[in-house]
Amino acid sequence: MNRLAPGLFSNLCTRLALAFVALFFVLGIAFLALTNWSNNRYYQEVTQNLNQSLAMYIVQRAPLIQAGIVNKTAMTELATLVMTVNPIVEVYLLDPSGKVLTHTLPPDTSIRPEISIQPLQDWLNKSQPFPILGDNPRAGQGERTFSVWPVMDDEQLAGYLYVILGGQNVQSLSDSLHGSYILKQSFTGLAVILLFAIISALLIFAVLTNPLRKLARQMDNFQQQELHLHTSTTQEPIVGTRDEIAYLSSAFAAMRTRIREQMQKLEETDRLRRELISNVSHDLRTPLSSMQGYLEMLTRPSITQEERQTYMDIAFKHCRRLTQLVKELFELSKLDAGRVMPDLENFSLAELLQDVVQKYSLPAQQKQISLSAPKTDQLYMVNADIALIERVLENLIDNALRYTPENGSVELTLTPKSSSVEIGIQDTGIGLAEEDIPHIFERYYCAQKTSEFHQQSTGLGLAIVKRILELHGSVIQVESKRHQGTHFTFPLPLARPSNIQSEKAA
C-alpha cells in the first residue's frame with residue numbers, strides 16, 4: 001500500500017504549480033490595477049497641464065463680475081464658446097469662499113452649493129505637482145481635474161472661474177468602458193496568460209520535482225519491504241502525508257527511531273555478551289578448581305580406597321553442579337536477550353501440577369518432606385507456554401525442597417480469580433530475612449549462603465522464574481518470615497471458552 005497518498009493537491013509538483021499560478025494571478029491583478037491607476041493619473045496630469053491656462057483665457061476675454069454683480073450674459077457666451085470647442089469641460093463661477101454663484105449647465109442639474117477652496121489655492125500657488133483634484137460641483141460626482149483663475153472686481157478678489165476638465169461626459173465614457181470590447185479582450189488575454197502559466201508551471205515543476213518523487217517512492221518501498229519487516233510493535237507507523245518533502249521528513253524520523261532501536265539492541269547484546277563471558281569465567285572457576293583439586297588427590301598412590309571414593313563423589317558432585325550452572329546460565333542469557341518467545345496454548349494447570357509433583361516425589365521422600373498438589377476435579381485451563389511454566393514450577397519446587405528441613409512440607413495451591421488462576425507454592429522452610437526479599441530474584445543472589453541448607457545453589461533459578469513469567473505478562477509475589485516458611489504466588493490467564501470448546505471438538 002503506497003502511503004504517499006497521491007491526489008490532486010497531495011504532491012509537491014501540483015502544490016508548487018498552484019502556488020505559482022496564484023501568485024501570478026495576484027501579481028496580474030495588481031499590475032492591472034496599478035496600470036489603470038497610473039493611466040488615469042497620467043491622463044489627468046496631461047489634461048491639466050494642457051488646459052491649465054483655459055480659465056485665465058476666459059476671465060481675460062470679458063469681465064464676469066462688475067460692482068459685485070455677476071455678468072451672466074458674458075458668462076453664458078464665454079462658457080458656451082468654450083464648451084463648443086471642448087465639450088468635456090464645465091464652467092462654474094465661485095465666490096471667494098467656494099460658493100457656486102452661477103454655471104452654464106441645464107437648470108435641472110443637481111449642483112452642490114459649495115466646494116472646498118483649498119485645492120484651488122494649491123493650484124494657484126503651485127504648491128503641489130499636477131494632477132491636483134478638486135470637488136466636482138455636480139452632486140455625488142467626486143473629484144476631477146480643473147483649471148482655475150481668480151476673478152477681479154475693481155482690483156479686488158471677487159471670486160474664481162472654476163473649469164472642470166472632464167465632466168459628466170467623460171464620466172459616462174469611463175463607465176461605458178466596463179462593457180467595452182477592449183476591456184473584454186484584455187481579460188481574455190489575461191485568462192490565456194494564466195492558462196499558459198498553469199501549463200508551464202506544471203511542466204517546469206514536474207521536471208524539477210521528478211527526482212524528489214523518485215526518492216520518495218524509493219523510501220516508501222524501503223519502508224514497506226525492508227524496514228517494517230523488523231520494526232518493533234511499539235513504533236508508530238508513518239501516516240499519509242501531503243507531499244513528498246513531508247513524507248521524507250516522516251520517513252527520516254521513523255528510520256532514525258529504528259536505527260536508535262537497533263543501536264540500543266546492539267549495545268544490549270554486547271553488554272549481555274560481555275556479562276555472559278564475565279559470569280562464565282567467574283562461576284566456572286570455583287567448581288573447576290574444586291574438580292581439579294580432587295582429581296589431583298586421586299593421582300596420589302598413598303590415598304586409601306575409601307578416600308578415593310570420597311574424592312570421586314565430590315568431583316562428580318562439582319561436575320553435576322557445573323553442568324547445571326552452564327545450562328541455567330545459557331538459559332537465562334537467552335531469556336535476557338529476548339531469544340525465547342512463549343508458544344501459547346491451552347492446557348490443564350491441575351494436570352501439570354500433578355506431573356511436576358510426581359517428578360519431585362522421590363527427592364521429597366528422601367528428605368522426609370511432604371510434597372502435595374491440590375486434589376480437584378477441575379482442570380483449571382490456562383493459556384500459556386506449558387514447557388516454560390513447567391520450568392517455573394520445577395525451579396520453585398526445587399528451591400522449596402532445598403531450604404525446607406526434614407519433616408517439613410511443600411504445598412502447591414490453585415486459586416481461581418476473575419480472569420486468571422493463581423498458583424501458590426507454600427513451604428515450611430527456614431524463610432527469608434526481610435532485607436533479602438527484594439533481592440532474591442537477582443542473578444547469583446543466595447540469601448542462605450552460610451546456611452547448612454544451601455546445597456550448591458547456582459543462584460539463577462529464581463532469576464529464570466522471573467524472566468519466564470515476565471514473558472507471560474505475569475508477576476511473581478513472595479511472602480516470607482524467618483523460620484516459618486516462604487510463599488510464592490503468580491497468576492496465569494484463563495483460556496478462552498471458545499478455544500476450549502474448539503479443542504474438545506477436535
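The dialogue below takes the aromatic rings and then the sheet.

Reply: Please note at the outset that this is a predicted model.

Me: How is a pair of aromatic rings described, and how many aromatic pairs does the count come to here?

Reply: Two quantities describe such a pair, namely the distance between the ring centres and the angle between the ring planes. In this structure the count comes to four aromatic pairs. One of them joins Trp123 and Phe130: the centres are 6.1 Å apart and the planes stand at 25°, so this pair is stacked.

Me: Are Trp123 and Phe130 buried or exposed?

Reply: Residues under 20% relative accessible area count as buried. Trp123, at 3% relative accessibility, is therefore buried. Phe130 has a relative accessible area of 15% and is buried as well.

Me: What is the geometry of the pair formed by Trp123 and Phe146?

Reply: That pair is tilted, with 6.4 Å from centre to centre and 40° between the planes. Trp123 belongs to helix H4 (residues 118-125) and Phe146 to strand S6 (residues 143-153), so the pair ties together parts that are 23 residues apart in sequence. Phe146, like Trp123, is buried.

Me: Which residues form the aromatic cluster, and which residue lies over the face of Trp123?

Reply: One aromatic cluster is formed by Trp123, Phe130, Phe146 and Tyr162. Over the face of Trp123 lies Lys126, at 4.2 Å from the ring centre.

Me: Turning to the sheet, how do strands pair, and in what order do they stand here?

Reply: Strands of a sheet pair through backbone hydrogen bonds, in either a parallel or an antiparallel manner. Here five strands make an open sheet with antiparallel pairing, in the order S4-S3-S7-S6-S5. Strand S4 (100-103) and strand S5 (133-135) are at the edges with a single partner strand each, so one side of each has no neighbour in the sheet. On average, neighbouring strands of this sheet are turned by 40° against each other, direction ignored.

Me: How many bridges join S6 to S7, and which residue is the partner of Pro150?

Reply: S6 and strand S7 (residues 156-165) run antiparallel and are joined by nine bridges. Pro150 has Tyr160 in S7 as its bridge partner.

Conventions:
Residues are numbered from 1 along each chain as its sequence is written. This is a predicted model: local features need pLDDT of at least 70, side-chain atom pairs count only at pLDDT 80 or more; totals for chains, interfaces and linings use all residues. Side-chain values use heavy atoms; hydrogens and water are left out. Rings of Phe, Tyr and Trp (its six-membered ring) pair if their centres lie within 6.5 Å; planes under 30 degrees apart count as stacked, over 60 as edge-to-face and the rest as tilted. Buried means under 20% relative accessible area, exposed over 50%, partly exposed in between (1.4 Å probe, protein chains only). Helices (H or I, at least four residues) and strands (E, at least two) are DSSP runs, numbered from the N terminus. A charge sits over a ring if NZ of Lys or CZ of Arg is within 6 Å of the ring centre and within 35 degrees of the ring normal. Two strands pair if DSSP finds at least two bridges between them. Axes are lines fitted to C-alpha atoms, for helices over the stretch in contact, and angles run from 0 to 180 degrees between N-to-C directions.
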